[in-house]
Amino acid sequence: MSGFRHAFSMTRKEVRDAVPPGTISLSIYSQESAGRTHLKNNGELVLSPQPSEDPMDPLNWPSWRKFTVLLLMSLYAAIGNFTSGSISSAFPLYATPMAFNPPVSIGKLGHLVAVNVLMMGAANILWVPLANTFGRRPITLFNILLLTLCCVWAARATSFGSLLAARFFMGVGVAPADTIAPNVVGEIYFAHQRGKAMGFYTVFICIGPVLGGIAGGYIAGNLGLAWIHWINVILSGILLVACFFLVPETLYVREVPQATDPALDNGGKDEDAASSVKIEDITRNRTTSGSYTELTFLRSLKLYTYHGNLFQNFISPWLTLRLPGVWLVMLWYAGLVGGVVTISTVGPTLAAQPPYLWGNNAGLILVGGIIGALIGAVATALTADRIVTTKKTLQGEENMESEARLPIALPGLVLATTGLWTFGFCAQASNPHMWIGMQFGLGMLSFGLMQAPSIGFNYIIDSYASVSADCFVVVTCMRAIISFSWTFFASGWVESAGPAIPFGVLCDLEHVVSKIKEPHKRAYLITENINDASTDEYTSTFFPIASDLESQASQALDSGKPDDAIDLFRRAAVVYRISRFPYVDITQPNSIKRAAFERQKQVYLKAASRWDPPIKEVIIPHSSRGRNDGQEIPIYTRIPRTARPDNPVPVVFIMTGLDGYRPDNSQRTHKIIGRGWAVVIAEIPGTADSPADPADPSSPDRLWDSVFAYMATQPMLDMSQVVLWGLSAGGFYAIRAAHTHASRLRGAIAHGAGCHYFLDKEWLSRVDDHEYPFSIMPGWTKKYGYDDTEVFVQEARKKFSLVETGIVDRPSCRLLLLNVPDYFPRAKAMCHI
């Protein structure tokens, strides 16, 4: 490739005639015209890369051997993904005491898939450099052996922690299936054959997790949970034996193509010479066949080759991040795989629940993925190679451009994104026939995913052939990060918010994270290197997407589609919610975070006010306010249609947390209303719109006095049946209210936080080291009315502890303490209750 100096000195004509990497001529006519009559061809096309005379050269292998290698590498991908996905449809059984006692929640069981898919990508940081140094064969065989042994471990695991660790290392063993395996396919086929070959491989990689999800439920239901893993042992063991005997080494070093660029030889001064450069010279230095020996069966079993420079091979993958094509394929592939993995994880769980109750058949919810993948395979097979072997290419009128493959993937990408929406919205509906829409949604996604490796991986191999394995490392790492992130949080999110919002937001955030066009119009997190959520740049990045959703919602209203408008408004509210993380500083009323929160409330109420029954915002007087308290308290209320003055209903009073506010409780209110109860939601001191003085430990008592006084004026609320539910940081206030307002409460639930030790100096000094994805200490300091973090750490426990202040020594109503978020101490937070 030419250097920057030469590139920027090129004339307009030279730029027009210049050819990007991966551009070659496959035309026999044009090559003969250039005097290259010695080039090997198949009678129609010039072969690229040009094979050597060595029988060990994978390009010279007979068709049966090539297909055998292709089949086994494809089976490696399928079996690896089968082992990853087969456990998901058994989650309803794993969540019972027959698996672990005490039982593990569905949300936490999702971690078994999350850590697995994370290592399926991350482990390639190790494996690909080793494969580039010691060959594909030893690394592949070792990892299949590792997968087999870890499946044995999983089958014999007796605790959740042991099974989680086994799944972690199973992911390590599957990792080369996504990087080394496609590279092997690229090394045994010529450029004009790779599309169909990669399409074949892609069918297996797509249907692997789907077949696993379908089979897992039947295996667990009929043979027991352990047999999910014993089946994986059998499959991977057979694959290990087959690969040992039938897959030779494919890493073969040929002469590197020499770019015939006269402009580089004379300093770029010869314009005519430079402009005459049309194609990459695909000739090779040839050696007589007499210096080679035949590829015998024993030679094919050789386990070790050495290509040197191990340190450089570990660095090389990260250098490929400077290549724009890598970013294109990386974000494209990662987004779609993340969707498939997430659906494969949560889909069977949804089918096992009402209104479906499919039991062992729950995995059948994934059948649409197989159909979509097969249709996508046919479409890809018909187009992937044909686009580069057109009549003009054969006649020499056009060269083969690696970018020529990309346009045919665009329809599939649009279809896949629509499929995510379709799955989420259909899964949200309570109609027992909506499984049909879920099948279609997954099928559409699988169709689009088929083209990501078939087209995208070939684009990388064609464009960056010498470093394609390194490119695959960063591609699969990004895929692993996105798949891990969505799978880690998806089960819990779907459980709490329903499927529509998570899958809708997945589509929305793909635009935020992976958009690579028109950077002058919008900022995007990756392309703009925005990593700090506390910045204005982070928040403003989400505004265009949220605004687009608002516009679509308004159009839906104008078109007489209120249900669509409600979903779009709610999704816009979710995007605004993410943009205002990690917290809204109450001391900065004009900040962009505050603006995001205001927009969130507006669009949320446009959706929630149209529900049946609706959520309403009520501004009530702070009748018990102190000197530094505000005058009004904004609350949300939702009252069931059955409530009447002569039939008052029980009330659940929700206290929100540090980063979760009134508009963030949709699914909770749905569940509560479904039981015929009313809901009242208010924010805790120091957050959002709360008027309570954050620095005054007694301000929450006055705040709840005013809220209870308002509730007592509402005849449809049964004030003898009030239960308090404090979420996250709100759990602290639930514990306090259980003692300060015991006579007004039937019971209280502290769903997180603590009462004493979580305000320790030692704990507060390490609070940012926990799993919370943002820095929490600045918001924690502001929330308690401090500007100086050090002062807060020194004074917090003495001033606010419910033990130090004697609150917990008072009589209490019935109090339920639930498990706490990871930034609160589990054991010590509650030990004084």
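Residues are numbered from 1 along each chain as its sequence is written, and side-chain values use heavy atoms, with hydrogens and water left out. Because the model is predicted, local features need pLDDT of at least 70 and side-chain atom pairs count only at pLDDT 80 or more, while totals for chains, interfaces and linings use all residues.

## Helix packing

Two packed helices are described by the angle between their axes and the distance between the axes. Here, helices (H or I, at least four residues) and strands (E, at least two) are DSSP runs, numbered from the N terminus. Axes are lines fitted to C-alpha atoms, for helices over the stretch in contact, and angles run from 0 to 180 degrees between N-to-C directions.

| Helix pair | Angle between axes | Distance between axes |
|---|---|---|
| Helix 9 (residues 136-156) and helix 10 (residues 160-174) | about 165° | 8 Å |
| Helix 9 and helix 13 (residues 226-246) | roughly 160° | within 8 Å |
| Helix 4 and helix 11 (residues 180-188) | roughly 165° | within 9 Å |

The angle between helix 4 and helix 11 makes them roughly antiparallel (under 35 degrees counts as roughly parallel, over 145 as roughly antiparallel, 65 to 115 as roughly perpendicular and the rest as oblique). Helix 9 is likewise roughly antiparallel to helix 10, and helix 9 also runs roughly antiparallel to helix 13.

As for handedness, a crossing is left-handed if the near helix is turned anticlockwise from the far one by less than a right angle, and right-handed if clockwise. Helix 9 makes a left-handed crossing with helix 10 and a left-handed crossing with helix 13. Helix 4 passes helix 11 in a left-handed crossing too.

How does the span of helix 26 (residues 562-579) agree with 1.5 Å a residue? Its 18 residues should span 26 Å, and the end C-alpha atoms are 26 Å apart (the expected span is 1.5 Å times one less than the number of residues). Of those 18 residues, 13 are buried, so helix 26 is largely enclosed by the rest of the structure. Buried means under 20% relative accessible area, exposed over 50%, and partly exposed in between (1.4 Å probe, protein chains only).

Helix 21 (residues 410-428) has 19 residues and reaches 28 Å from its first C-alpha to its last, close to the expected 27 Å. Its buried residues include G412, A416, G419, L420 and F423.

## Aromatic contacts

A pair of aromatic rings is described by the distance of the centres and the angle of the planes. The structure holds 23 aromatic pairs. In one of them, Y786 and F792 are tilted, with 5.4 Å centre to centre and 50° between the planes. The rings of Phe, Tyr and Trp (its six-membered ring) pair if their centres lie within 6.5 Å; planes under 30 degrees apart count as stacked, over 60 as edge-to-face and the rest as tilted.

Are Y786 and F792 buried or exposed? Y786 counts as buried at 9% relative accessibility, and F792 is buried at 0%. Both belong to one aromatic cluster, which is formed by F732, Y733, F758, W780, Y784, Y786, F792 and F800.

Charges meet rings as well. R137 lies over the face of F244, 5.3 Å from the ring centre, and the charged end of R662 sits over the ring of Y636 at 4.7 Å from its centre. A charge sits over a ring if NZ of Lys or CZ of Arg is within 6 Å of the ring centre and within 35 degrees of the ring normal.

## Backbone spots in the loops

Most residues other than glycine have a negative phi, and most peptide bonds are trans. Which peptide bond is cis, with omega near 5°? The bond from F581 to P582 is, and P582 is placed in the loop between helix 26 and helix 27 (592-608). Another cis bond joins D612 and P613, with omega about -5°; P613 lies in the loop between helix 27 and strand 1 (616-621).

A688 is not a glycine, yet its phi is positive, about 50°. This residue lies in the loop between strand 4 (678-682) and helix 29 (699-711), and A688 is buried at 4% relative accessible area. S728 also has a positive phi, near 55°. Its place is in the loop between strand 5 (717-727) and helix 30 (730-740), and S728 is buried at 15%.

Finally, M56 lies in the loop between helix 3 (28-33) and helix 4 (63-85) and is buried, with a relative accessible area of 18%. M56 and E249 are 193 residues apart along the chain, and their C-alpha atoms are separated by 8.7 Å.
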